[in-house]
There are 2 protein chains.
Amino acid sequence: MIEIYYHPLSFPSLAPVFTAEAAGIEYATKLVDLSKGEQSSAEYLAVNPFGKVPALKDEDFALAESASIMRYMARKNQSELYPEGIHAQAKVDQWMDYIHHHIRTNIGKVHFNRSLAPMFGAEVDEKSLSDGLRFLANNFPAIEDCLSQQPYLCGDVMTLADIALVAALEPIDISKIDISEYPALTRWLADRRGETFYTNVHSHYGAELGM
Amino acid sequence: MIEIYYHPLSFPSLAPVFTAEAAGIEYATKLVDLSKGEQSSAEYLAVNPFGKVPALKDEDFALAESASIMRYMARKNQSELYPEGIHAQAKVDQWMDYIHHHIRTNIGKVHFNRSLAPMFGAEVDEKSLSDGLRFLANNFPAIEDCLSQQPYLCGDVMTLADIALVAALEPIDISKIDISEYPALTRWLADRRGETFYTNVHSHYGAELGM
């Protein structure tokens, strides 16, 4: 069975878990306790030499990096989340890249400075915080335009791109990132958060840490 | 013919151009002059609604985001740069993601603060600069380990992952990012910079701007 190594405070960890649920893939989660430095243990580095979460093991095959794990699971299960055809796949790729480089990165800046830094006593970087908010204001409109014209980022069916966006948006509540000025995105997110791929995960995710 | 929209100061723009050369794909480059704000023109937004470079046009098909364009070109031409097989593709994906998220992003921080900010009179962000250098010191060793064991990131043949790394490393000279403590990476880079996919591009790239 596929094993997904994760930590509940790592939101890139969530995307592969959502993907497994949405594609109907049997999987087990394995907690890597970052607070104990388990990501740097010899045992974990044998799975992911990068020392980061998430990672995947599928029998003898080990893989790192969230988006790569998502693609691998979808391909292996011939899931429509990563549809056949070079044009369709290219559009899924394009939106995954856009979300990871221009949305998730900047949500990360805001989330770190508003939530994680205070939680762990780290210094708040006001410049990084304001950069994150400014770039999000620049980069959300393309998503709003898209979702105001079609139900999902790549058209009429959900793909890996949508899952990447749901995962990237996970910290917006705790970190008070307001998306209400984007009504199509707000509605889309509420709909996705009502689906079983999401509710199933949130009924158990992080239970090992008592979260 | 494939058209690649680029700007010579955008190093993500370089990766698709290198890919086209390495895969033997006929292409034309189209300069998007960022200094004149051409990325926000109605004409360009029709190609790439994100208003960023690079972008690709292949007849009626338009695509944004560097890594997506690389995959699209390799798939379309059935290039071994993105080999068949889900395990082989997953490993290329993994390294592309690692390079883009953990190397290119941090080289970008150093490059912006050491080169671009002084060039354009922007404020230098010392925290971002030191973060970039610190993360690079954390993230280069996995690449060094890999390249000390095999000639390319994914084994015995060059893939999109190697091209992504060549492009990500473009600013290291101008921004004085020292990689000499990584001998396998240093040797690998010198070898790649001697190949025709690289030298062909540098014989004309940026000529429109007199660079």
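Two residues are in contact when heavy atoms of theirs lie within 4.5 Å. Keep that in mind as you click around this model, which is predicted.

**Stop 1: B:Thr186**

Select B:Thr186 and show its side chain. You're in helix H7 of chain B, which covers residues 183-193. Leaving aside residues up to four places away in sequence, B:Thr186 touches B:Ile179 and B:Ser180.

Is B:Thr186 buried or exposed, or something in between? Its relative accessibility is 32%, so it counts as partly exposed. The cut-offs that matter here are under 20% for buried and over 50% for exposed.

Before moving on, pick the C-alpha atoms of B:Thr186 and B:Leu147. These two residues are 39 apart along the chain, and their C-alpha atoms are separated by 9.7 Å.

**Stop 2: where the chains meet**

Zoom out and color chain A and chain B separately. On the chain B side, 32 residues are in contact with 32 residues of chain A. Together the two chains bury about 2900 Å², with 59% of that on carbon and sulfur atoms. Select B:Phe50, B:Arg75 and B:Ile86 next: in chain B, these lose the most area to chain A, together 20% of what that side buries.

The interface has two salt bridges by the rule used, along with 22 residue pairs in polar contact.

Which parts of chain B supply at least two residues each to the side that touches chain A? Highlight strand S4 (61-64), helix H3 (66-76), helix H4 (86-120) and helix H5 (126-147). H4(B) gives the largest share, 14 residues. By type, this side of chain B divides into 13 nonpolar, eight polar and eleven charged residues.

**Stop 3: A:Asp125**

Hop over to chain A and select A:Asp125, in the loop between helix H4 (86-120) and helix H5 (126-147).

What is the nearest side chain of opposite charge to A:Asp125? That's B:Lys127, 4.1 Å away. A salt bridge needs the nitrogen and oxygen within 4 Å, and A:Asp125 is buried yet has no salt bridge.

Key
Residues numbered from 1 in each chain as written. Chains lettered and ligands numbered in written order. Predicted model: local features only at pLDDT ≥ 70, side-chain atom pairs only at ≥ 80, totals over all residues. Heavy atoms only, no water. Helix = DSSP H or I, 4+ residues; strand = E, 2+ residues; numbered from the N terminus. Buried < 20%, exposed > 50% of the residue type's maximum accessible area, 1.4 Å probe, protein only. Lys, Arg positive; Asp, Glu negative; His and termini not counted. Buried area = accessible area lost by both parts, 1.4 Å probe. Polar contact = N/O pair within 3.5 Å; in protein donor to acceptor, adjacent residues only side chain to side chain. Nonpolar A, V, L, I, M, F, W, Y, C, P; charged D, E, K, R; others polar.
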